[in-house]
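Please study the sequence and the three-dimensional structure shown below before reading on.

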Amino acid sequence: METKTSHTALGQKMIQTFEDNEKLIFRNDSSTIVDRRKKAMEIFREQRFPDSKTENWRNTDISKALALDYNYYLEPGFQKHVDIDKMFQCDIPHLQTKMISQLNGWFISENGNLTKDVQGVIIGSLAGAKKNYSELVDAHYGLIADDIKSGFVALNNAFAEDGVFIYVPDNVEVKVPLQMVNIINHDENIFIQNHNLVIIGENSSLQLVQCDDSVDHQRSLINTVTEIFVGKNASLDHYKLQNKNDNSTLINSIFFDLKRDARLSTNAITLNGGLIRNENYVTLNGENCEANVMGVYLVDKAQHVDNQIFIDHAFPNCRSNELFKGIIDDSAHAVFNGRILVRKDAQHTNAYQTNKNILLTDKATVNTKPFLEIYADDVKCSHGATIGQIDENAMFYLKSRGIGEHNAKMLLMYAFAAEVINNIRIEPLKIRIDDMVKKRLRGELSICEQCVLHCSTMEKEIKFEIDLSKV
Amino acid sequence: MLSIKNLHVSIEGKEIIKGLNLEVHPGEVHAIMGPNGTGKSTLAAVIAGREGIYEVTEGEIFYKGKDISEMAIEDRAREGIFLGFQYPVEIPGVSITNFMRTAINEIRQYKGLEQISAANFLKDMEEAKKLVGIQSKLTNRSVNEGFSGGEKKKNEIFQMAMLKPDLAILDETDSGLDIDALKVVANGVNALKTDQNATIVITHYQRLLDYIIPDFVHVLYNGRIVKSGGKELALELESKGYDWLKAEA
């Protein structure tokens, strides 16, 4: 009962905050956006936050996170002259990216928050884009992030003021990967809602690395919505890296909309985090699209990771492939919910889904629910889920060659995760993630020393008795 | 080198090996033959140290003068025991190169030796590959993944060549091999033979013993060695089958 009351309390507080601060919240908005916010708020009033009775939330208990008191800011809660480079630095050797940083959900930039390069690629703050590119924002913002998906999405649509805005015009190949970083650094509990909008024009391509980091151990609740439009025959290579402190709660909803002949590859790598919920909505909104949706999660202690994947085959001749793998240690809990919808007209659909889990202890838990919903009659679809321990036969085989328990287990766990890691197409990133996975498996990955890709201290050289780089 | 005395092994309460005695000395090749289900593979697994369903209820296994009953699987391997698997395990994602380098370095560490140099490792790999006629691409592949039956067995002998064990136990290494692959495997085993090491060949058929000539042949039946002899015993079994021994036992 207590949690229920508190749960309502945060929801009630947000409704009140919205009513009291409309002018402030709407300050950058066109009338179109204002209307969308109001509609979203109405839906939130009805839906509220999900609880254990909400379908798809049965295995993820959000009540404790919602019961805490949080500070919520309607304006950036930090000085305008924060030197974010002092807070973290990207130290991946040879990884050349263009960095787009947010601190506590707010955009940081020294030159006007928006840049436009010679090819017409616009990168910057969503708040800035609302002012300078309102027609682009109005034509996309909130359109695929469906309010009714969850109270979190509705609340984000109602409140979110800032986030990253990326626009790639037609026929542009963005050569340098873009790296979105959201650093959480605050001395009190904080509730953050940011909203990212990415628009990729026809025949264009983009590599996007989305990092969720925290650099302190403060409690935080982050409710992020990202909308990504992939135009006709465009391609997106997307990575989501999560290495957060054990006190953080992250609700990460990403909506992908693929037009005809578009290609998407998205890979979610979860290395640490208190409670992480990834919701991926992929709509194949034209013929001959391809979506590869992958993820790997390595959780221990009392961590909780929940991946919800929804792939909507709305048109014929599309392909989707899901592969999620997890290693769950201690009393950690993993949830996988994969739903593939093949609509009546989506003939010649190929849709595959796999979720594999290794439980390392008796207390580790996994709930996996593959789910196919098919209304077309000429399709190829499959799904499969496995939950197991480390294969005893394989352990015996490795040991019988002189490899000890520890390394044998390491090799098998690494090999298990590598199937997903090997799909990372940005080589320096792959090498780093590879290292981080090895460290993570050996229990040596610390988030106080470094966040996913950024740290102020040099890393120690990784020396493996197993040379896993040759795996 | 190996001395097994009155060994009894049960699987889930059912006694499979019922008082087995075996003496193996350096430089010897022993063949253990017998019908299916008589405990041949159980014997191999127990010498290698497999736990779990296998329970040694009685008897002793001495290796190089030490009782190894309590010794971990990996330590037995580091002491020089090698098991060639009847069904080699597929390990997707682990390359053979890394598998072997890890194994060799752990064995070297156990013996207080430095890690193997990259150059020596590569040299050993090349020699071992040549021995069993493995094309170079095989070594970049995951352990046994997608290998044919013959490739898997060749890979076992390749590993044996890399690890250079003192006691090799080859469990049904001939099963599933065509005659060409059988010759390759047998030649590999013969080439690795010295007067310091010993080999136990477990087989169902006499065929393998045309290529790996044993010094001793033992017939395992109903959990015990019921007859031992020289290589001519294998030929006798080939012509007469096992029934006459069953009657004798």
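The questions below concern a sheet and an interface.

This is a predicted model, in which local features need pLDDT of at least 70, side-chain atom pairs count only at pLDDT 80 or more, and totals for chains, interfaces and linings use all residues. Residues are numbered from 1 along each chain as its sequence is written, while chains are lettered from A and ligands numbered from 1 in the order in which they are written.

Q: In what order do the 6 strands of the open sheet in chain B lie?
A: Strands (E, at least two residues) and helices (H or I, at least four) are DSSP runs, numbered from the N terminus. Two strands pair if DSSP finds at least two bridges between them. In chain B the pairing is mixed, and the order is 6-9-10-3-11-12.

Q: Which are the edge strands of this sheet in chain B?
A: An edge strand here pairs on one side only. In chain B, this applies to strand 6 (81-84) and strand 12 (224-229).

Q: Which residue of strand 10 in chain B stands opposite B:His30?
A: Strand 3 (residues 29-33) and strand 10 (residues 198-203) of chain B run parallel and are joined by 5 bridges. Opposite B:His30 stands B:Ile200.

Q: Which element of chain B supplies the largest share of the side that touches chain A?
A: Residues are in contact if their C-beta atoms, placed from the backbone, lie within 7 Å. By this criterion, 25 residues of chain B are in contact with 22 residues of chain A. Helix 2 (73-78), strand 7 (91-95), helix 3 (96-110) and helix 5 (149-163) of chain B each supply at least two residues of that side of chain B. The largest share, 8 residues, comes from helix 3 of chain B.

Notes:
Contact = placed C-beta atoms within 7 Å.
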